[in-house]
Amino acid sequence: MPETASTTRAPDALLPSLAPLLHEWLPRQRWFAGKGRRVTGFTLDAATELLPLDGTGPGLLHLLVRVEQPGRPAGTPADCYQLLLGVRTQLPPRLAPALIGRIRQGPLAGRAVYEGLRDPRLAGLLYERLRTPGRTGPLRFHATTPLPPVLAPRMLDAEQSNSSLVYGDSFILKIFRRVSPGANPDLELPLALSRAGCARVPAPVAWFESGAATLGVLQPYLRDSRDGWRLALDALADGREFIGEARALGRATAEVHLALADALPTRRLLRTETEHLAAAMDRRLHAAAQAVPALLPYVPGLRAVFAAAGDAPGAGALQRIHGDLHLGQTLRGSDGGWAVIDFEGEPAKSLEERRSPQPTVRDVAGMLRSFDYAARTHRPWNADWAARCRAAYCTGYAEAAGADPRADPALLRAYETDKAVYEVVYEARHRPDWLPVPMSAIERLATST
């Protein structure tokens, strides 16, 4: 059997033998969404041998595993995670950091199990599979263009909610870790933008899926570009302004929004919907204050922000947006042009929420928060630098969109507040040292008029 051919079977005995290893390994992964909650068991949705496990060389096992944890709302399914596990009798020393553990019992007893994406041979196999559209068991592979063979892979370590592999500095493959039924926006929206002729987003060249769930997307790797977050930090460190870059980024954001509005359905934002949006923000604030008591003194002021948005007359439109826009989701090329990437939306939200039409001002608010974040990394705190970037970004957006996002201040402030509340919870859980950054915004938004 050639190496890229595969067999698929339901290894009923395999999951119980893997479970002790997954209990220890999964909760430690950056992309594991259920941190802080006890893991009580696993359920196998699908198992596919992308490279046979009973061969003399390494095997590659693709799993979709549901992780059972108490405390989920009634009626909601357990989170499903995508795992790509390498299996070898002897693990080479270079792969020792990828070791998950050795199986003690079952059909693979005595074999080493490891993070398969860190094995260049297995990562290369995945790329080869993407080059050849078709099915492997429940997995379906698609490609929009012929891809070159044999590109050396390397895994990026900076990912948080997903994992990414770069192939030969030509393509980047994002592997979605927590998967849900339905097209992932990180495939759906770039495809729509590509078909609409929008050059601000790298067009997907291949992807794979199982059932209705998107599992991974391959896109061009913009190797000569730098992300907006790093560029902003460099400007702060050098004592430079970032106004020109921010203004151009505002124009790029507006162009993406306009292209999405042309490519996908839009509808008018109704007064009742602003009330529902404000009520949802208020509920998220209540839950966040229970999780992070430092928010409690600011709750009355923050609730007033949301109430003002709910009382505002409905205006504008609802459409598909980025959903998690910040400086780290942008790339600036050597020609000075901006690209927007990572359309997956906030990973903590359900796929249904992330795919729902929303006001464009939500993306604008996310970027305004990002300028604040960048400036807060600088000592001393450079509030004026952030204010100038925020103003320039809105000006650039208005130039391209024909409408200034600051024309709806109540909704813009509500979305910025909602984002800051989200950041507080995220930082409290994952980066407590960063908690003062969103808390400073919380204080400003709760007390300013």
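## Exercises on a predicted chain

The model is predicted.

**Exercise 1.** Describe the overall dimensions, burial and contact pattern of the chain.

*Solution.* Step 1: along its principal axes, the C-alpha trace spans about 70 × 45 × 45 Å. Step 2: the secondary structure comprises 12 helices and 18 strands. Step 3: of the 449 residues, 52% are buried. Step 4: take the contacts between residues at least 6 apart in sequence; 67% of these join residues at least 24 apart.

**Exercise 2.** Determine how helix 9 and helix 10 are oriented to each other, and which residues form their contact.

*Solution.* Step 1: helix 9 covers residues 361-376 and helix 10 covers residues 383-401; their axes lie 9 Å apart and the packing angle is about 155°. Step 2: angles over 145 degrees count as roughly antiparallel, and helix 9 is therefore roughly antiparallel to helix 10. Step 3: the crossing of helix 9 with helix 10 is right-handed. Step 4: helix 9 contributes V364, M367, L368, R369, F371, D372, A374 and A375, which meet W385, A386, C389, R390, Y393, C394 and Y397 of helix 10. Step 5: sorted by class, this contact has 12 nonpolar, no polar and 3 charged residues.

**Exercise 3.** Carry out the corresponding analysis for helix 11 and helix 12.

*Solution.* Step 1: the axes of helix 11 (residues 409-430) and helix 12 (residues 436-447) come within 9 Å, and they cross at roughly 145°. Step 2: the crossing of these two helices is left-handed. Step 3: on the side of helix 11 the contact involves R413, E416, T417, A420, V421, E423, V424 and E427, and on the side of helix 12 it involves P438, M439, A441, I442, R444 and L445. Step 4: by class, the residues of this contact divide into 8 nonpolar, 1 polar and 5 charged.

**Exercise 4.** Is Q219 buried or exposed, and which residues does Q219 touch?

*Solution.* Step 1: Q219 belongs to strand 13, residues 213-220. Step 2: the relative accessible area of Q219 is 13%, and Q219 is therefore buried, since buried means under 20%. Step 3: leaving aside residues up to four places away in sequence, Q219 touches S170, F171, I172, P190, P202, A203, P204 and V205.

Definitions and conventions:
Residues are numbered from 1 along each chain as its sequence is written. This is a predicted model: local features need pLDDT of at least 70, side-chain atom pairs count only at pLDDT 80 or more; totals for chains, interfaces and linings use all residues. Side-chain values use heavy atoms; hydrogens and water are left out. Axes are lines fitted to C-alpha atoms, for helices over the stretch in contact, and angles run from 0 to 180 degrees between N-to-C directions. Helices (H or I, at least four residues) and strands (E, at least two) are DSSP runs, numbered from the N terminus. Angles under 35 degrees count as roughly parallel, over 145 as roughly antiparallel, 65 to 115 as roughly perpendicular and the rest as oblique. A crossing is left-handed if the near helix is turned anticlockwise from the far one by less than a right angle, and right-handed if clockwise. Contact means heavy atoms within 4.5 Å. Ala, Val, Leu, Ile, Met, Phe, Trp, Tyr, Cys and Pro count as nonpolar, Asp, Glu, Lys and Arg as charged, and the others, Gly among them, as polar. Buried means under 20% relative accessible area, exposed over 50%, partly exposed in between (1.4 Å probe, protein chains only).
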